[in-house]
Amino acid sequence: MKRCVKVLSAVILGLVVLGAIACGTSRFLSPPNAGRELARVWEVPHPAVVAHRGASWLAPESTAPAYELARDLGADYLEADLQRTRDRVVVAFHDETLERTTNVEEVFPDRSTDRIETFTYGELMELDHGSWFNQAYPERARDAYEGLGVVTLRELIEIAEAGPNNPGLYLETKSAQNHPGIEEDVLAVLEDLCWYPEGPELAGPDVTANAAVGAPTIDVAAGRSGIIFQSFHTGSLEQLIELAPEIPAVYLISAAMAEENGFRRHVKTATEMGALGVGPGGRLGLPWNTGHAHREGLLVHNYTINQPWQMRLLRSFGADGIFTDRPAVALEVFDRAEEIDVDAILDRLELK
Ligand code: G3P
Ligand code: CA
């Protein structure tokens, strides 16, 4: 019996020592606040909470309710994958095709696997972009999500400008090879709606309305990094940097890209093109990767991080922010809000 207790104590002690060494090594490889100063200079909140396709845990991705919720919950940025319709309207839509998140098979059965750029804006508006969510997630379903339309970049900006907060825009040129020249089209919309070359002139956020629901007050839009461009596509990001060098850019790095060419090779690409940061997939958020990016003078925003333990771990590994479907959870985990009353915000937005 005594021997058993001794062995158990030795194992526990060993684990504690190993944990302490791992923790110390991780802090040595990647101090958690190494990117804070760069974020401060660029006026990027730290740690940043980027609402991935809106608050897409609670509402159908890339729709108006998802973006309105993200804004009112207090996300720093509204993230959008930008693509272009056949009649050159820039819209927020992630996939190359429409089957996963619309009823295209019902409305255009002969074109259901065709790519988004073969559809006009009017045709996209004939589709239901919300009901799939109610079917996939019945526990989060709402009648208000049925029959939702696609969101244009113009509408996304209008959403960012309304409500109690002024979130920034974190805009990805998605599948840019399918939309040649989309970079100019995106900038033309930003210019037209006065988000570029100067930042927008907006009324201050509504502190009282935010306090009533426990949401943080966000005024990122008017700052130096009110818009951040992002892409996996080097050509597209380089084009955006050339057209609008004042707008910071983040180079996205997937696990597959890192496996093919090595993480450090992509970090080099990011520095050579003049990016502000990198956006590595969550599995790449290890201390030696994040630390390396920091030493090269880059911010690190990892995607797509939805579990509190993952948020904590990546932050302890030095992440300067995350893309998440769950901005309210991230804000609480990062101690940027105490307890956000999500139901009150859903009610305020009349999302029944
Ligand atoms: O833009 C960051 C993250 O969204 C990249 O992945 O596929 O969700 O656009 P994806
Ligand atoms: Ca994206």
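**View 1. The salt bridge between Glu61 and Arg53.** The side chains of Glu61 and Arg53 form a salt bridge with an N to O distance of 3.1 Å; a salt bridge is a side-chain nitrogen of Lys or Arg within 4 Å of a carboxyl oxygen of Asp or Glu. This is a predicted model, in which local features need pLDDT of at least 70 and side-chain atom pairs count only at pLDDT 80 or more, while totals for chains, interfaces and linings use all residues. Residues are numbered from 1 along each chain as its sequence is written, chains are lettered from A and ligands numbered from 1 in the order in which they are written, and side-chain values use heavy atoms, with hydrogens and water left out. Glu61 counts as buried because its relative accessibility is 13%, and Arg53 counts as buried because its value is 14%. Buried means under 20% relative accessible area, exposed over 50%, and partly exposed in between (1.4 Å probe, protein chains only).

**View 2. The surroundings of ligand 1.** The residues around ligand 1 include His52, Arg53, His94, Gln230, Phe232 and Tyr303; a residue is near a molecule if one of its heavy atoms lies within 4 Å of it. The shell comprises 4 nonpolar, 3 polar and 5 charged residues. Here Ala, Val, Leu, Ile, Met, Phe, Trp, Tyr, Cys and Pro count as nonpolar, Asp, Glu, Lys and Arg as charged, and the others, Gly among them, as polar.

**View 3. Polar side chains at ligand 1.** An N or O atom in the side chain of Arg53 lies 2.7 Å from an oxygen atom of ligand 1. For the side chain of His94, the distance from an N or O atom to an oxygen atom of ligand 1 is 2.7 Å. A polar side-chain atom of Glu172 is 3.0 Å from an oxygen atom of ligand 1. Taken alone, ligand 1 exposes 290 Å², of which the protein buries 91% (Shrake-Rupley method, 1.4 Å probe).

**View 4. The calcium ion (ligand 2).** Glu79 (OE), Asp81 (OD) and Glu172 (OE) are the protein donors of the calcium ion, at 2.2 to 2.3 Å; donors are N, O and S atoms within 2.8 Å of the metal (3.2 Å for Na, K and Ca). Their spacing in sequence is E-x1-D-x90-E. Glu79 and Asp81 are both buried.

**View 5. The salt bridge between Lys174 and Glu172.** The side chains of Lys174 and Glu172 pair in a salt bridge of 2.8 Å, N to O. Lys174 is buried because its relative accessibility is 10%, and Glu172 is buried, with a relative accessible area of 3%.

Technical notes:
Polar contact = N/O pair within 3.5 Å; in protein donor to acceptor, adjacent residues only side chain to side chain.
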